[in-house]
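Take a walk through this model, one site at a time. Keep the viewer open as you read.

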Amino acid sequence: MDNQFVFMFDQSGSSKKELLGGKGANLAEMTKIGLPVPYGFTITTAACNAYYDAGQKIPAEAETQVLEALQKLEEKTGKELGNPSNPLLVSVRSGAVHSMPGMMDTVLNLGMNDETVKGMAELTNNPRFAYDSYRRFIQMFSDVVLDVDNYHFEHQLETIREEKGYHSDTEITAEEWKHVIEEFKKIVLTNAERSFPEDPKEQLFLTINAVFDSWNNQRARLYRRLNNIPGHLGTAVNIQSMVFGNMGDDSGTGVAFTRNPSTGEAKLYGEYLINAQGEDVVAGIRTPQPISRLQEDMPDVYQQLVETCDLLESHYKDMQDIEFTVERGKLFILQTRTGKRTAQAAIRIAVELVKEEIMDQREALLRVDPDQLNQLLHHRIDPDHQMTQLAKGLPASPGAATGEVVFDADEAEELSKAGKKVILVRPETTPDDIHGIVASQATVTSRGGMTSHAAVVARGMGKACICGCESLKIHLEAKQFNVGSTVVNQGDVITIDGSSGQIFLGEIPMIEPELSDEFQLLLRWADEETKMGVRANADNATDAQKALEFGAGGIGLCRTEHMFMDASRIPTVQQMILSETIEERKEALEELLPMQQQDFEEIFETMQGYPITVRLLDPPLHEFLPDKEELLVAVTKLQITNPDSEELKEKQNLLRKVRILEEANPMLGHRGCRLGMLHPEIYEMQVMAIFQAMSNVMKKGIEVKPEIMIPLVSHVNELKDMRQLVVRVGEQLQAETGQQFDYLVGTMIETPRAALTADKIAEEADFFSFGTNDLTQTTFGFSRDDAEGKFLQHYVESEVLPKNPFVSLDQEGVGKLVESGVKLGRDTKPELKTGICGEHGGEKESIQFCFDLGMDYVSCSPFRVPSARLAAAQATIRHERTHGIKEPQYS
């Protein structure tokens with residue numbers, strides 16, 4: 001069949017993840033290895049794309065195949081959709097290629113109507129179960145398919161619980177559920193302006209449409225953008241015969257992880273609910289029991305679950321997240337997927353799976369996301385600080401955070417945009433709250449467990465989260481919560497510890513992180529594999545020391561202007577800039593020389609022989625002068641209050657100079673090597689400071705390897721002149737000291753012309769460092785500050801651009817210039833050293849791109865060095881796999 005849109009779970013060829021989605025492929029795989037999977041079929045991602053191509057209509061060919069598959073499902077189960085005497089009920093679930101927990105829609109118990117519910121009641125001899133299942137179906141179908149707000153149904157349930165004095169839905173009787181169903185149907189008629197559909201096949205196709213539609217709902221689009229999932233993939237739809245966890249106390253439903261997703265401990269972790277359906281656990285409506293209790297409630301089922309978990313982990317060679325249902329004492333596996341985990345857990349799991357000989361070191365390195373490592377390099381609560389615990393919930397996602405309490409996802413987003421740090425507090429979160437979770441420092445819920453929506457999403461993002469904190473009585477309308485007699489209002493500051501589940505009033509000091517032994521081991525494995533250097537951007541000895549602690553192999557960018565911006569030096573810098581004659585300027589530069597020299601000595605001593613790329617002054621001079629608007633105000637005030645003062649004359653002179661130096665577009669103006677060309681004395685002072693520092697440090701027996709970088713070169717003649725300046729100063733000092741200096745002179749490639757004429761520029765360069773921040777600005781014609789503040793976010797949201805090009809290198813455009821620069825430069829000088837020192841140097845996809853181009857190193861901020869080391873190792877492994885280099889087999 002050319003257009004095969006539907007595959008049965010046990011059909012040959014039905015394991016392609018791109019076609020069946022992750023869930024469908026795993027259901028097919030589990031069926032093949034003999035696990036108890038309720039039978040069903042998958043409608044492919046190709047059908048989803050065909051649905052959108054046809055203007056959001058299921059193609060006739062796909063519709064026919066669905067009906068044929070449904071018939072096979074009826075034959076296999078011996079039940080029939082819509083048959084009152086032996087009804088087949090199915091679940092309809094989304095299943096994207098990449099796991100997107102909670103982002104798209106699900107409908108359970110499909111096939112129920114006023115007739116089949118009676119048949120279910122008779123067949124099971126359990127009318128309460130049948131009518132409970134029917135009301136669940138009406139509620140879920142109406143929310144997902146008919147767009148009736150779930151609030152109306154929940155309000156109705158709350159009313160009946162209050163009237164009867166019930167604590168939970170399990171107390172509601174069959175007769176009471178019948179009444180609820182009638183009320184639910186009235187809600188549908190009022191809000192959807194149509195009656196609830198009784199025809200099961202109409203129900204089925206309406207639901208398939210709704211699941212396809214949910215691929216492009218707001219929360220799914222946001223999740224895809226946050227996780228770099230392409231929008232063209234589409235979602236599959238899985239139709240599966242229902243098994244029921246709500247048939248009494250010998251039934252239940254749960255979620256199990258084969259290892260702890262927060263810590264990585266090799267111990268079964270999860271939660272379950274007796275007499276419930278799957279959505280009850282993940283929706284966070286009821287707080288479930290820990291999986292360990294299942295051993296007491298159903299020992300045989302627990303043992304079977306443990307064996308299944310071991311089998312699945314060995315089969316997929318990774319920690320699994322498993323959904324299961326127990327129907328009348330029999331275990332069914334509804335899905336398995338690679339489990340979302342914290343960075344701490346990811347590292348521990350990867351290392352332990354190697355020790356258990358389930359995978360090798362290279363595979364372990366590929367299993368940890370470099371972006372996650374940043375979670376481990378930030379602060380945690382100071383344990384020595386005196387703290388009074390306000391409340392305690394379940395430690396759903398580790399990390400510490402302080403922020404103002406906010407109760408609404410939209411408000412969290414608004415306050416975050418205004419620069420406030422907030423913590424989102426909710427009874428429970430739903431997928432519609434994802435933008436609020438993104439915007440907040442952390443999330444707290446009063447209901448739900450450690451596998452609820454809030455927990456799973458927060459762990460995936462590396463954000464702290466506490467769930468099931470039942471002592472919090474939340475009053476959404478009043479925008480406050482109370483714990484006993486303590487009332488906390490919106491805007492009050494709290495601190496949470498996601499590792500312990502504790503909540504504290506006020507702000508609590510944080511301390512530096514400690515890196516685990518597993519983390520250090522994983523990075524050692526990374527360094528063994530990698531064939532690319534990782535350096536750090538560091539402008540002082542403190543940052544340089546931190547870079548070394550995090551394993552940097554040198555400094556790829558030392559920005560000398562940051563040394564000028566010290567408050568004690570600004571007056572001398574301003575004196576240098578405001579000088580009227582060359583003599584005055586040299587006098588000021590002589591004052592700055594020993595300051596710069598001391599800076600370099602400290603850095604050179606710290607780095608102990610590692611290479612250090614020192615960039616000469618880059619920004620325009622006006623950046624070191626007072627703000628023009630502030631000067632205008634000061635001058636105007638003095639003209640009124642003290643018109644004859646010396647201060648007024650000084651301020652007027654300063655204002656005149658600021659106006660002279662002011663530029664229409666400073667990013668493209670008199671900066672970088674252009675400063676050195678017009679004011680060579682500035683660069684001479686800096687180079688002299690480098691060589692004098694080098695001389696003094698060498699006398700202490702310490703090796704020094706500076707790489708002197710000339711910024712913003714666009715034409716080879718600029719680099720030629722500046723190189724001669726550096727060599728002249730170096731030769732002068734070598735003659736004076738009798739020492740031999742080992743140094744390189746190179747340039748920063750950050751304009752399109754430099755990249756396109758790199759063959760010529762390489763004649764005068766020992767190295768190229770690609771300044772991809774400025775290269776992105778000059779290639780796109782974007783001013784970064786203006787673009788990110790005004791329109792770039794809209795471009796990404798509306799998919800004009802796939803990503804922010806300042807965060808992830810634009811490989812199509814800017815990348816072509818980088819590629820051209822590397823190739824042309826090495827055509828002229830094959831041994832030319834090349835690296836990248838923009839923020840892209842710490843981003844995994846950009847690192848892969850740089851590795852594939854054959855660059856020698858990447859450079860990033862010190863805190864991103866560990867993740868860059870891992871990404872460089874992954875780039876090496878992937879490059880070798882792509883180019884057919886033989887891989888070692890699993891042990």
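Begin with Cys 837. Its sulfur is 11 Å from the closest cysteine sulfur, which belongs to Cys 850, and that is too far for a bond. The model is a predicted one. A disulfide here requires two cysteine sulfur atoms within 2.5 Å. Cys 837 is also buried, with a relative accessible area of 3%.

A search of the whole structure finds zero disulfides. Cys 469 is likewise in no disulfide, and its nearest cysteine sulfur, that of Cys 467, lies 9.8 Å away. Cys 469 counts as buried because its relative accessibility is 0%. The cut-off for buried is under 20%.

Next, look at how two helices meet. Two packed helices are described by the angle between their axes and the distance between the axes. Here the pair is H1, residues 17-32, and H12, residues 299-316. Their axes come within 12 Å. They cross at roughly 115°. Angles of 65 to 115 degrees count as roughly perpendicular, so H1 and H12 are roughly perpendicular to each other. The crossing of H1 past H12 is right-handed. On the H1 side, the contact is made by Asn 26, Glu 29 and Met 30. On the H12 side, Leu 312, His 315 and Tyr 316 make it.

Now move to helix H23, which spans residues 582-607 and contains Thr 606. Is Thr 606 buried or exposed? Thr 606 counts as buried, because its relative accessibility is 16% and the limit is under 20%. What does Thr 606 touch, leaving aside residues up to four places away in sequence? The answer is Ala 541, Ala 544, Gln 545 and Leu 548. Thr 606 and Thr 542 are 64 residues apart along the chain, yet their C-alpha atoms are separated by 8.7 Å. Thr 606 also has a polar partner. A polar atom of its side chain lies 2.7 Å from the backbone oxygen of Glu 602.

Finish at Arg 362. This residue lies in helix H14, residues 361-366. Its relative accessibility is 9%, so Arg 362 counts as buried. Which side chain does the side chain of Arg 362 meet in a polar contact? The partner is Glu 880, at 2.5 Å. Arg 362 thus pairs a buried position with a side-chain polar contact.

Key. Residues are numbered from 1 along each chain as its sequence is written. This is a predicted model: local features need pLDDT of at least 70, side-chain atom pairs count only at pLDDT 80 or more; totals for chains, interfaces and linings use all residues. Side-chain values use heavy atoms; hydrogens and water are left out. Buried means under 20% relative accessible area, exposed over 50%, partly exposed in between (1.4 Å probe, protein chains only). Helices (H or I, at least four residues) and strands (E, at least two) are DSSP runs, numbered from the N terminus. Contact means heavy atoms within 4.5 Å. A polar contact is a pair of N or O atoms within 3.5 Å; within protein, one must be able to donate a hydrogen and the other to accept it, and residues adjacent in sequence count only if both atoms are side-chain atoms. Axes are lines fitted to C-alpha atoms, for helices over the stretch in contact, and angles run from 0 to 180 degrees between N-to-C directions. Angles under 35 degrees count as roughly parallel, over 145 as roughly antiparallel, 65 to 115 as roughly perpendicular and the rest as oblique. A crossing is left-handed if the near helix is turned anticlockwise from the far one by less than a right angle, and right-handed if clockwise.
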